[in-house]
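These entries record what I looked up in one protein chain. I began with the chain as a whole and then turned to a single residue.

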Amino acid sequence: MPRKGKKIILILVEGGSDLISLELIKKLNRRQEEIAFKITKGDITSNEHTTLANCISKVNDKITEFIAESKVKKGDIIKLVHILDTDGTYISDDNIEIDSTASNFIYTDDKIIANSKDRVSERNAKKKSIMDKLLITAKISNIDYELYYMSCNLDHVLHNRRDILTDEAKKQFSNAFADEYYGREEEFLTFINDDSFKVSGSYQETWSFIKLNSNSLKRYSNLWLFFKKDEEHSE
């Protein structure tokens, strides 16, 4: 729970396992502000109730929920950091393969396999349009807003496994990851700057990169930029 009167950087993550893995960020904070997390309970950008018209308000709803839960003032939140999975959103429809036996979307380095091409294409079109709108959004409810990605998803970046399907398995991987960096959280900065998946460049350049070809299926992240900004702010 954030301390009363403290300024807060609020980080939105999709699920409980994401929080377990990334909560160590609190111990890497070099700012005067506190780091707090809010679980969005799934991907806002692909949720059936989210549209291009209401996506900003859906993110704002999470701010409202956090304020109610933590009893802080809206003015205490100075930045909103949103971490999303790319889920192969930016691939061409040519990179969608039909397999009638596939019960879930199957992600590879160059294609999504599913029992319906239309399902993937429609999901991608919707998620892409919403992500692109959020990307050009500088403030939500007058709070600075930044969007970072895990590609193809958080499990892919942190555990090098894009195919962890059950919540229990996700929790096991997340607990192991948290244990690995417990007491040596600074080493996470080395990890998140690993050249094998770090996308170099400016904020906009890293987003331009992930939209190319099948990059949104591959193991990439621009989350390192958040920590770079953190260092610059503390200097």
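Entry 1, secondary structure. I noted at the outset that the model is predicted. I then looked up the secondary structure of the chain and found eight helices and nine strands.

I read the extent of the C-alpha trace along its principal axes as about 55 × 40 × 35 Å.

The accessible surface of the chain amounts to about 11,400 Å². Carbon and sulfur atoms contribute 47% of that surface.

I considered the contacts in the chain between residues at least 6 apart in sequence. Of these contacts, 73% link residues at least 24 apart.

I looked up 36 positive and 40 negative charges in the chain. Their mean positions lie 6 Å apart.

I located serine 214 in the loop that runs between helix H7 (203–210) and strand S9 (220–221). Is serine 214 buried or exposed? Its relative accessibility is 10%, and buried means under 20%, so serine 214 counts as buried. I also asked which residues serine 214 touches, not counting those up to four places away in sequence. They are Ile91, Asp109 and Asp110.

How values were computed. Residues numbered from 1 in each chain as written. Predicted model: local features only at pLDDT ≥ 70, side-chain atom pairs only at ≥ 80, totals over all residues. Heavy atoms only, no water. Helix = DSSP H or I, 4+ residues; strand = E, 2+ residues; numbered from the N terminus. Buried < 20%, exposed > 50% of the residue type's maximum accessible area, 1.4 Å probe, protein only. Contact = heavy atoms within 4.5 Å. Areas by Shrake-Rupley, 256 points an atom, 1.4 Å probe, with all protein chains shown as cover. Lys, Arg positive; Asp, Glu negative; His and termini not counted. Charge placed at Lys NZ, Arg CZ, Asp CG, Glu CD.
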